[in-house]
Amino acid sequence: MHSIQRRELLVQGSAALVAIAALSRRVYAFPKQAGEEIVPWLDQPTENPNPEGIKTQLVWEDLDSWITPNDKFFSISHFNRPTIDEKTWSMEISGLVKKPLKLTLADIRARPRQEVVFTVECSGNHGFPFFTGGIGNASWAGTPLAPILEEAGIHEKGIEVVFFGTDENEIPIRDVKMKQNFARSMSLADAMNPANLLCYEMNGAALPAANGFPLRLIAPGWYGIANVKWLKRIEVRDTRFMSVMMARDYVTIREEDHNGETVWAETSVGRALIKSAPAKVTKKGSDYAIVGAAWGAPIDRVEVQIDQAPWAPATIDHSEEAEHAWKIWSLPWAKPSPGEHKVTSRAVSTTGQVQPAMDDPLIAKKHTYWESNGQVTRHVKIV
């Protein structure tokens, strides 16, 4: 033990001292303790210019539970927000299948039930100054997708599974206006992941209309865009699927260096990337603490930097956790000096991947707002 502590001190310097202090005075993220105050961030989101498309966002200072309540869960719609009668609703399984299916909600509910706790983040979260709360953690329940696809029987040529929502819009492309339903796809191999659910419950209640009632796809490990809401049809195809949400929008454009030559690359948004964010600064008496969350990959640790001080390891709360859920972390902040301070966090995965800084080429050479997983810095004033 002594040799390990000595090595950490040599490598991390004062950051290790903060870790030792944390062990002696544990910070509990939840629940809120008597007498605890929230010190508000100075940098608040700007006014939302699209309140119909983005109806709800997480308010980070209000983070007080591992599970996000349904009424506080973020809600985004790219097209209309359909009103669906579950009595007349049904979903088709079609395309390159041997046995097309048409399932009612009762049919789906009668199948084996499975639950997963999954933190869903919109890939545009932190991509705009008004959009910083496009994330939430919920317990989703439904029936696994894979057995239904197996029952339908996939033809040998079937390689792509497309999920169509009921929401629709008229999309202008060049000189043509096309009516399109919201649609996203994934490979057959990805669709057969046993964790994927046809979901009808959220936190023990029926899916709220804003979050996809009566049925949505839940694909743990993918950005929110892939978790299609208001499902109406699942179609198997023999070619890759290109649509407004796959090839023309939700496309990340980035400069890449290839032997000194700049090459522009375009990639479709898919799996979630490692990320963390400071949620709030708390004060109880003269004691301060920083609380935050980390997600998007199996998390090994989270480190926090205050102003220009060395990175300090935060303490991860293991009392509530799940494979696909965010991890809540905290760090005691001993006697901060009065004035304005910067608080930045970075997550490190179990494979050693580090959440990139804002000047990392992965972020700095990205020319779109999707997949905004650069380190998040918040500003606070201590009085």
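Predicted model: local features only at pLDDT ≥ 70, side-chain atom pairs only at ≥ 80, totals over all residues.
Strands of a sheet pair through backbone hydrogen bonds, either parallel or antiparallel.

## Strand 22 and its two partners

Strand 22 (residues 339-349) runs antiparallel to strand 18 (residues 299-306), and 7 bridges join the two. Gln 305 has Thr 344 of strand 22 as its bridge partner.

Strand 22 is also joined to strand 23 (residues 376-382), again by 7 bridges and in antiparallel fashion. Here the bridge partner of Val 343 is Arg 378 in strand 23. In a regular strand the side chains alternate between the two faces of the sheet.

## The largest pocket

The largest pocket holds about 530 Å³ of space. It is lined by 28 residues, and His 126, Phe 128, Pro 129, Thr 132 and Val 376 are the closest to its centre. Strand 16 and strand 23 are the elements that give two or more residues to this lining.

The largest share comes from strand 23, with 3 residues. By class, the lining of the largest pocket consists of 12 nonpolar, 12 polar and 4 charged residues.

## Asn 211, a buried loop residue

Where is Asn 211 found? Its place is the loop between strand 11 (205-206) and strand 12 (216-218). Asn 211 has a relative accessible area of 3% and is therefore buried, the cut-off being under 20%.

A polar atom of the Asn 211 side chain lies 3.3 Å from the backbone oxygen of Phe 74. Leaving aside neighbours within four places in sequence, Asn 211 is in contact with Asn 70, Phe 73, Phe 74, Met 202, Arg 216 and Lys 229.

## The largest cavity

The structure holds 3 cavities of 30 Å³ or more. The largest cavity contains about 230 Å³ of space. Its lining is made up of 19 residues, with Ile 76, Arg 216, Gly 224, Ile 225 and Lys 229 nearest its centre. Arg 216 and Lys 229 are also among the contacts of Asn 211.

Sorted by class, the residues lining the largest cavity are 10 nonpolar, 6 polar and 3 charged.

## Ile 135, a buried strand residue

Ile 135 lies in strand 7 (residues 135-144). Its relative accessibility is 0%, so Ile 135 counts as buried. Beyond its neighbours within four places in sequence, Ile 135 is in contact with Leu 58, Trp 60, Phe 74, Thr 119, Val 120, Glu 121, Asn 125, Trp 295 and Trp 326.

Phe 74, one of these contacts of Ile 135, is also in contact with Asn 211. Ile 135 and Pro 356 are 221 residues apart in sequence, and their C-alpha atoms are 19 Å apart in space.

Note on methods
Residues numbered from 1 in each chain as written. Heavy atoms only, no water. Helix = DSSP H or I, 4+ residues; strand = E, 2+ residues; numbered from the N terminus. Buried < 20%, exposed > 50% of the residue type's maximum accessible area, 1.4 Å probe, protein only. Polar contact = N/O pair within 3.5 Å; in protein donor to acceptor, adjacent residues only side chain to side chain. Contact = heavy atoms within 4.5 Å. 1 Å grid on protein atoms, 1.4 Å probe; cavity = no way out; pocket = protein on both sides within 12 Å on 5 of 7 lines; lining within 4 Å. Points joined across faces, edges and corners; volume = space filled by probe spheres on them. Nonpolar A, V, L, I, M, F, W, Y, C, P; charged D, E, K, R; others polar. Pairing = 2+ DSSP bridges.
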